[in-house]
Amino acid sequence: MTLSVHDFETAARAKLDPVHADFIAGGARDEITVRANEAAFGRLQLLPRVLRGSAERDLDVTLLGGHARLPILLSPTAFHKLVTPEGELATARAAADAGAIMIVSMASTVSVGDIADAARAASEHGDPPPLWFQLYIQPDPDITEALVRRATDAGCTALVVTVDSPVLGAHERNRRNGFHDLPAGLRCENLVDLRDGESGHVRQIAMSPELNWEHIDWLRSITSLPILLKGVLHPEDVRLALRHRVDGLLLSNHGGRQLDTVPATLELLPEIAAAVAGRIPIVLDGGVRRGTDVVKALALGASGVGIGRPVMWALAEGGEKGVRRLLELLREELDDTLALCGATGLHDLTPDLVRFPAWGPGWGAAHGGVLS
């Protein structure tokens with residue numbers, strides 16, 4: 001019985017090849033940041049208000065002009081067909097039904113066009129929620145332009161540019177398991193036929209050590225889609241992002257899969273939110289496993305949160321039904337937590353609802369919270 005997000009992982013591990021389970025669970029080097037992301041939420045406390053109730057709570061959110069019925073986004077995760085035959089089609093249908101924004105991975109095993117079609121077909125509440133596309137800017141600008149066109153033609157409404165991966169993080173689990181390539185019959189569909197005359201050719205995602213702010217300016221020049229940066233962690237880089245007309249941030253440490261020992265994203269959120277000062281939306285991912293986690297992040301300045309590994313575990317456990325149940329469970333937990341905090345909706349979540357007793361003297365006061 002799946003009563004919590006962690007139950008999906010337990011059930012999925014019983015079904016998956018252990019090598020593939022390690023690929024999902026693992027992170028870089030000693031996986032210190034993987035553990036830190038979840039632990040950070042447990043170190044914060046909620047301080048509820050009372051006698052402010054309402055019969056229903058408003059969970060809707062608008063991000064970059066697009067409406068969603070849940071402030072929980074599906075962060076980009078690769079290789080969904082590794083865990084279920086329908087792959088990202090199942091994920092897209094579940095997200096559309098829940099009214100949640102899905103960020104399509106550039107390394108998806110179903111093309112972004114087919115994912116968009118599945119989302120539109122599955123939406124039972126009018127227009128489906130927005131679909132965003134994760135992009136690694138490639139060394140060859142023609143390839144990047146082709147990917148942007150592909151995402152735009154599919155109807156994606158934003159580009160989420162991953163900027164924390166100049167090189168690939170070192171995953172020791174994958175090295176020990178010898179997991180380097182997709183099994184036969186699976187491929188990254190968005191990387192197929194990106195040039196005329198290359199029928200059937202599948203490219204590899206190229207990491208770009210030379211990536212810099214000029215590449216963001218160039219991307220801005222070739223697309224009218226909103227651009228979010230995924231992986232900005234330093235406040236000075238936030239200020240640079242604003243100067244380079246970025247439209248949003250996905251505050252992410254790549255789930256601990258790139259540079260190990262960086263701080264948990266929740267710990268960084270108040271400082272990043274202060275640097276943003278409400279000018280652009282912040283979506284936080286990394287360690288979100290409960291409705292209480294969602295409330296803490298939103299109270300501290302996030303406009304939404306993303307979930308990554310939980311989607312993969314739910315997909316492995318039950319395909320489309322598994323992801324539907326995961327999102328229903330998180331919706332129930334979020335609604336319950338809002339009611340217990342005395343909130344009528346997301347707009348009532350403010351920093352005074354959060355305490356920082358285990359984060360050191362002065363931390364909470366310095367970042368807008370309350371110390372116990």
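Helices and strands here are DSSP runs, with strands of at least two residues, numbered from the N terminus. With that convention in place, let me present this chain, which is a predicted model.

I begin with the loop that contains Leu64. This residue lies between β2 (61-63) and β3 (66-68). Its phi is positive, about 50°, although Leu64 is not a glycine. Most residues other than glycine have a negative phi.

The loop in which Phe79 lies runs between β4 (72-74) and α4 (88-98).

I turn now to the chain as a whole. It comprises 13 helices and 12 strands. For 372 residues, a compact globule would have a radius of gyration near 21 Å, and the 20 Å of this chain agrees with that. Along the principal axes, the C-alpha atoms fill a box of roughly 65 × 45 × 45 Å.

Of the 372 residues, 56% count as buried. Among contacts with a separation of 6 or more, 74% are between residues 24 or more positions apart.

Finally, the surface and the charges. The accessible surface comes to about 15400 Å², and carbon and sulfur atoms account for 51% of that area. The chain carries 36 positive and 48 negative charges, and their mean positions are 3 Å apart.

Terms used: Residues numbered from 1 in each chain as written. Predicted model: local features only at pLDDT ≥ 70, side-chain atom pairs only at ≥ 80, totals over all residues. Heavy atoms only, no water. Helix = DSSP H or I, 4+ residues; strand = E, 2+ residues; numbered from the N terminus. Rg over C-alpha atoms; globule rule 2.2 N^0.38 Å. Buried < 20%, exposed > 50% of the residue type's maximum accessible area, 1.4 Å probe, protein only. Contact = heavy atoms within 4.5 Å. Areas by Shrake-Rupley, 256 points an atom, 1.4 Å probe, with all protein chains shown as cover. Lys, Arg positive; Asp, Glu negative; His and termini not counted. Charge placed at Lys NZ, Arg CZ, Asp CG, Glu CD.
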